[in-house]
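Please report on the aromatic ring pairs in this structure and on what surrounds them. Then cover the helix packing and the overall fold.

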Amino acid sequence: MSKNESNPRRYVPSGFFVSHVVNPITLRLGGPTLTVVGRRSGRPISTPVPPFEYEATRYLVSGGGETDWVRNLRAAGQGELRKGRTRETFHSVEVHGDEHDRVVVAYRERMGRRARSFFAALPDPADHAVFRIEPMEPGDRR
């Protein structure tokens, strides 16, 4: 049995301070936010997730592993990014293989100490989902 089969939901839960202080403040102040329709509730759910730019392409990288936002975005296939008053609807493409590995390495290097605990808990790059952001044109529905 592989590591992911023995624990299909490998993730690092946010601590109390991040969940109850940092994230609500970030959402309220208009920080980088991902909104995606919940896979079970069908309601929009907003989570502070900043896009990561690598080689002129934007990605969403799950430093914390198989989090709820990852599972929701995987199910929905699209979401909305917001920063301040700017909103952008996008399609998501989960990437694998070489592209995934390059993005995870670059993310880990750029995040430095901020990502250290995530990668200490989940050292396998495969545990960190990566989605390429593809902007939608108005009226575009796939």
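The count comes to 3 aromatic pairs, where rings of Phe, Tyr and Trp (its six-membered ring) pair if their centres lie within 6.5 Å. Planes under 30 degrees apart count as stacked, over 60 as edge-to-face and the rest as tilted. The model is predicted: local features need pLDDT of at least 70, side-chain atom pairs count only at pLDDT 80 or more, and totals for chains, interfaces and linings use all residues. Residues are numbered from 1 along each chain as its sequence is written, and side-chain values use heavy atoms, with hydrogens and water left out.

**Ring pairs**

A pair of aromatic rings is described by the distance of the centres and the angle of the planes. Two of the pairs are tabulated here.

| Pair | Centre to centre | Angle of planes | Class |
|---|---|---|---|
| Phe52 and Tyr107 | 5.4 Å | 80° | edge-to-face |
| Tyr107 and Phe119 | 6.4 Å | 55° | tilted |

Phe52 lies in strand E3 (residues 52-54) and Tyr107 in helix H4 (residues 97-111), so their pair ties together parts that are 55 residues apart in sequence. Helices (H or I, at least four residues) and strands (E, at least two) are DSSP runs, numbered from the N terminus. Phe119 sits in helix H5 (residues 113-121) and Tyr107 in helix H4, so this pair ties together parts that are 12 residues apart in sequence.

Are Phe52 and Tyr107 buried or exposed? Both are buried. Buried means under 20% relative accessible area, exposed over 50%, and partly exposed in between (1.4 Å probe, protein chains only). Tyr107 has 10% relative accessibility, so Tyr107 counts as buried. Phe119 has 2%, so Phe119 is buried as well.

**Helix packing**

Two packed helices are described by the angle between their axes and the distance between the axes. H4 and H5 pack at an angle of about 130°, with their axes 6 Å apart. Axes are lines fitted to C-alpha atoms, for helices over the stretch in contact, and angles run from 0 to 180 degrees between N-to-C directions. H4 and H5 are therefore oblique to each other. Angles under 35 degrees count as roughly parallel, over 145 as roughly antiparallel, 65 to 115 as roughly perpendicular and the rest as oblique.

On the H4 side, Val104, Tyr107, Arg108, Arg110 and Met111 take part; they meet Arg113, Arg114, Ala115 and Phe119 in H5. Contact means heavy atoms within 4.5 Å. The residues of this contact of H4 with H5 divide into 5 nonpolar, no polar and 4 charged. Ala, Val, Leu, Ile, Met, Phe, Trp, Tyr, Cys and Pro count as nonpolar, Asp, Glu, Lys and Arg as charged, and the others, Gly among them, as polar.

**Two single residues**

Arg108 belongs to helix H4. Arg108 is partly exposed, at a relative accessible area of 43%. Beyond its neighbours within four places in sequence, Arg108 is in contact with Phe119 and Pro123.

Asn72 lies in helix H3 (residues 68-76). Asn72 is buried, at 5% relative accessibility. Not counting residues up to four places away in sequence, Asn72 touches Val36, Val37, Gly38, Arg39 and Ile45.

**Whole chain**

The protein chain holds 5 helices and 7 strands. Along the sequence, the pattern reads α-α-β-β-β-β-α-β-β-α-α-β. Buried residues make up 35% of the 142 residues.
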